[in-house]
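These are my notebook entries on one protein structure. I set out to record how its parts are arranged and which residues hold contacts between them.

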Amino acid sequence: MESLPLFIFASGVLIVTPGPDLIYVLTRGIAGGRRSGVVSAVGVTAGLLVHTLAAALGLAVLLQTSTIGFLALKTAGGLYLIYLGCQMVRNRGRIDLAGVGKRMGVRRCFVQGFVSNVLNPKIALFFVTFLPQFVSLESTNQSLYMAGLGLLFAFMTVIFLLVLGLFAGQIGSWLQHRKQVTSHINGGAGSALVLLGLFLLRPDQH
């Protein structure tokens with residue numbers, strides 16, 4: 001449990017960083033109002049739950065069959081976090097909400113958010129490499145612990161996205177008039193992820 005505060009911090013950094021999920025919820029909320037924004041947030045999070053369960057089950061099998069393989073995956077995960085951080089720092093463009101598209105029905109908002117996340121291989125890769133960073137080889141019930149971490153990540157995500165969906169119009173307008181905000185968020189979050197990745201690559205963390 002000593003890694004839980006670090007997991008919450010890392011998750012918070014990743015969740016608030018502007019990305020496809022954030023932009024999707026904002027654009028749906030702007031185009032269709034609060035209800036569309038809220039339903040889109042729920043759909044996106046439901047897609048994350050699928051990856052959470054798949055990653056927890058798959059990683060549990062790997063841990064039971066190959067300790068070396070699990071350690072290698074943790075090392076790859078640390079490197080992947082560094083890569084993500086560098087990409088955030090490098091690509092610090094502002095959010096473009098100019099083409100929000102037409103209004104959708106709430107059912108379609110949910111389905112599109114859900115399906116886009118379930119079928120996104122980058123999200124699957126993220127969960128497979130991110131969750132093991134906070135699981136000790138000596139701990140019992142690693143699969144349950146990873147599933148719990150994934151559920152916590154999803155809970156934090158849906159709370160943040162629900163706020164975005166409820167206030168999409170105001171938040172979108174605010175971001176559009178403060179073009180440097182996104183750049184600062186990405187730069188700060190990217191730097192934090194690079195430092196986190198370096199910290200997790202320390203030998204005593206494995």
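**Entry 1: Overall fold**

I noted at the outset that this is a predicted model. I then looked up the secondary structure and found 9 helices and 0 strands. Read along the sequence, the pattern is α-α-α-α-α-α-α-α-α. I also looked up burial, and 44% of the 206 residues are buried. Finally, I checked the contacts with a sequence separation of 6 or more: residues 24 or more positions apart account for 86% of them.

**Entry 2: Helix α2 with helix α7**

I turned to helix α2, residues 20-32, and helix α7, residues 142-166, whose axes come within 8 Å and cross at roughly 30°. An angle under 35 degrees counts as roughly parallel, so α2 is roughly parallel to α7. I recorded the crossing of α2 and α7 as right-handed. On the α2 side I listed Asp-21, Leu-22, Val-25, Leu-26 and Gly-29, which meet Phe-160, Leu-161, Leu-164 and Gly-165 of α7. Sorted by class, this contact of α2 with α7 holds 6 nonpolar, 2 polar and 1 charged residues.

**Entry 3: Helix α2 with helix α5**

I next examined α2 beside helix α5, residues 106-118; their axes lie 12 Å apart and the packing angle is about 170°. Angles over 145 degrees count as roughly antiparallel, and α2 and α5 are therefore roughly antiparallel to each other. From α2, I found Asp-21, Tyr-24 and Arg-28 in the contact, and from α5, Arg-108, Cys-109, Gln-112, Gly-113 and Asn-117. The residues of this contact divide into 2 nonpolar, 3 polar and 3 charged. I noted that Asp-21 of α2 is listed in the contact with α7 and in the contact with α5.

**Entry 4: Helix α4 with helix α6**

I looked up α4 and α6, which pack with axes 8 Å apart at an angle of about 125°. That angle makes α4 oblique to α6. The crossing of α4 and α6 is left-handed. Leu-73, Gly-77, Tyr-80, Leu-81 and Leu-84 of α4 meet Lys-122, Leu-125, Phe-126, Val-128, Thr-129 and Phe-130 of α6. I counted the classes in the contact of α4 with α6 as 8 nonpolar, 2 polar and 1 charged.

**Entry 5: The nonpolar cores**

Which residues touch the most other members of the largest nonpolar core? I found that, of its 32 residues, these are Phe-126, Phe-127, Phe-130, Leu-131 and Phe-153. The elements giving two or more residues to this core are α1 (4-16), α3 (34-65), α4 (67-90), α6 (121-130), α7 and α9 (179-200). The largest share, 6 residues, comes from α4. I then followed Phe-126: leaving aside neighbours within four places in sequence, Phe-126 is in contact with Leu-14, Tyr-80, Leu-84 and Phe-153. Apart from this core I found another, of 11 residues, including Leu-22, Tyr-24, Leu-26 and Ala-41.

**Entry 6: Thr-157**

My last entry concerns Thr-157, which lies in helix α7. Is Thr-157 buried or exposed? The relative accessible area of Thr-157 is 5%, and the limit for buried is under 20%, so Thr-157 is buried. Not counting residues up to four places away in sequence, I found that Thr-157 touches Ile-15, Thr-45 and Leu-48.

Key. Residues numbered from 1 in each chain as written. Predicted model: local features only at pLDDT ≥ 70, side-chain atom pairs only at ≥ 80, totals over all residues. Heavy atoms only, no water. Axes fitted to C-alpha atoms, helices over the stretch in contact; angles between N-to-C directions. Helix = DSSP H or I, 4+ residues; strand = E, 2+ residues; numbered from the N terminus. Parallel < 35°, antiparallel > 145°, perpendicular 65-115°, else oblique. Left-handed = near helix turned anticlockwise from the far one by under 90°. Contact = heavy atoms within 4.5 Å. Nonpolar A, V, L, I, M, F, W, Y, C, P; charged D, E, K, R; others polar. Core = buried A, V, L, I, M, F, W, Y, C linked by side-chain atoms within 4.5 Å. Buried < 20%, exposed > 50% of the residue type's maximum accessible area, 1.4 Å probe, protein only.
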